[in-house]
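Student: I am new to this structure and would like to go through it in questions and answers. Could you show it to me?

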Amino acid sequence: MGSFHILSEASLVHLAVSYGAWAVFLSVMVESTGVPVPSESILVAVAALAAGSDPHAPAITTVVLAAIAGAVIGDNFGYAIGRGAGRRILARFGPRIGLGPDRQRLGRYLFQRYGGRVVIVARFVSVLRTAVSLLAGTTRMPWPRFLACNIAGAVVWAGAVGGGAYLLGQRVRAWSWPASLALLAVAAAALVVGAVLLKRRGAELQAEADRMLSDAPAGGSR
């Protein structure tokens, strides 16, 4: 599933190098509110820096906690916005941030089918990570349930992505250049395979959502 970002990943990764955990916190919070920025790239970059020898690099625990805090705060902002004016915002600006009518149908369908689990899984899918809090508010998902799933998703995502980037960075530093290159190649291949599988599953879910909700008005969440 594709995504649109208001700034290039190169420029934001540069911010990550300059501002460390603060860049993680702010980018994750802004994206979780509903503004598309590549916060996951910044989290990976800063977590990898934490594995290096720079004494000014933040500790990995600080990086992960910054990502969790940004996700929880941003998602709750997005939920409040979605509950108050979500439909108007999505109708006017949705297509500009990759959330046209088809993606909105997909979001409603996922909430109806999977409920709160979508909030957790959405952390790992770029376009859903940006939209899930707005959609949760728009579909009137109960806030206590949203908050519990939001915290769980933030902890799992930040720990997996930030911790994984940190461990990968450590292995690259510790191993010889050929072994490090091989490790990076395997990691890149795994990402490509995962992206292909995710895109295929996303297309299947989109087809199901279009078939079931094309003529239906926006509904509530179960």
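Student: Are Y79 and F146 buried or exposed?
Tutor: The model is a predicted one. The cut-off for the term is a relative accessible area under 20%. By that cut-off, Y79 and F146 are both buried.

Student: How many aromatic pairs does the structure hold?
Tutor: Rings count as a pair if their centres lie within 6.5 Å. The number of aromatic pairs in the structure is 2.

Student: Why is the pair of W22 and F25 edge-to-face?
Tutor: The ring centres of W22 and F25 are 6.1 Å apart. Planes over 60 degrees apart count as edge-to-face. The planes of W22 and F25 stand at 85°, so this pair is edge-to-face.

Student: What separates W22 and F25 in helix 2?
Tutor: Helix 2 covers residues 21-33, and W22 has its place there. W22 and F25 are 3 residues apart in helix 2, so what separates them is about one helical turn.

Student: Does F25 count as buried or exposed, and what is its relative accessibility?
Tutor: Buried means under 20% relative accessible area, exposed over 50%. W22 is exposed, with a relative accessible area of 61%. F25, in contrast, counts as buried, because its relative accessibility is 18%.

Student: What are the centre-to-centre distance and the angle between the planes for Y79 and F146?
Tutor: Y79 and F146 form an aromatic pair that is stacked. Y79 lies in helix 4 (residues 60-93) and F146 in helix 8 (residues 143-174), so the pair ties together parts 67 residues apart in sequence. The centres of the two rings are 4.8 Å apart, and the angle between the planes is 20°.

Student: The charged end of which residue sits over the ring of W157?
Tutor: The charged end over its ring, 5.1 Å from the ring centre, is that of R123.

Student: With which residue does R123 form a salt bridge?
Tutor: R123 counts as buried at 2% relative accessibility. Its salt bridge has its closest N and O atoms 3.0 Å apart. The pair links the loop between helix 6 (117-121) and helix 7 with helix 4, 48 residues apart, and the partner in helix 4 is D75.

Student: Which residues do salt bridges that share partners join into one network?
Tutor: E31 forms a salt bridge with R129, with 3.0 Å between the closest N and O atoms. E31 lies in helix 2 and R129 in helix 7 (residues 126-138), so this pair ties together parts 98 residues apart in sequence. R129 also forms a salt bridge with E40, where the closest N and O atoms are 3.6 Å apart. The network therefore joins E31, E40 and R129.

Student: Which term describes E40 at 25% relative accessibility?
Tutor: E31 is buried, with a relative accessible area of 0%. R129 counts as buried too, at 3% relative accessibility. At 25%, E40 counts as partly exposed.

Key: Residues numbered from 1 in each chain as written. Predicted model: local features only at pLDDT ≥ 70, side-chain atom pairs only at ≥ 80, totals over all residues. Heavy atoms only, no water. Helix = DSSP H or I, 4+ residues; strand = E, 2+ residues; numbered from the N terminus. Phe/Tyr/Trp six-rings, centres within 6.5 Å; stacked < 30°, edge-to-face > 60°. Buried < 20%, exposed > 50% of the residue type's maximum accessible area, 1.4 Å probe, protein only. Lys NZ or Arg CZ within 6 Å of the ring centre and 35° of its normal. Salt bridge = Lys/Arg side-chain N within 4 Å of Asp/Glu carboxyl O.
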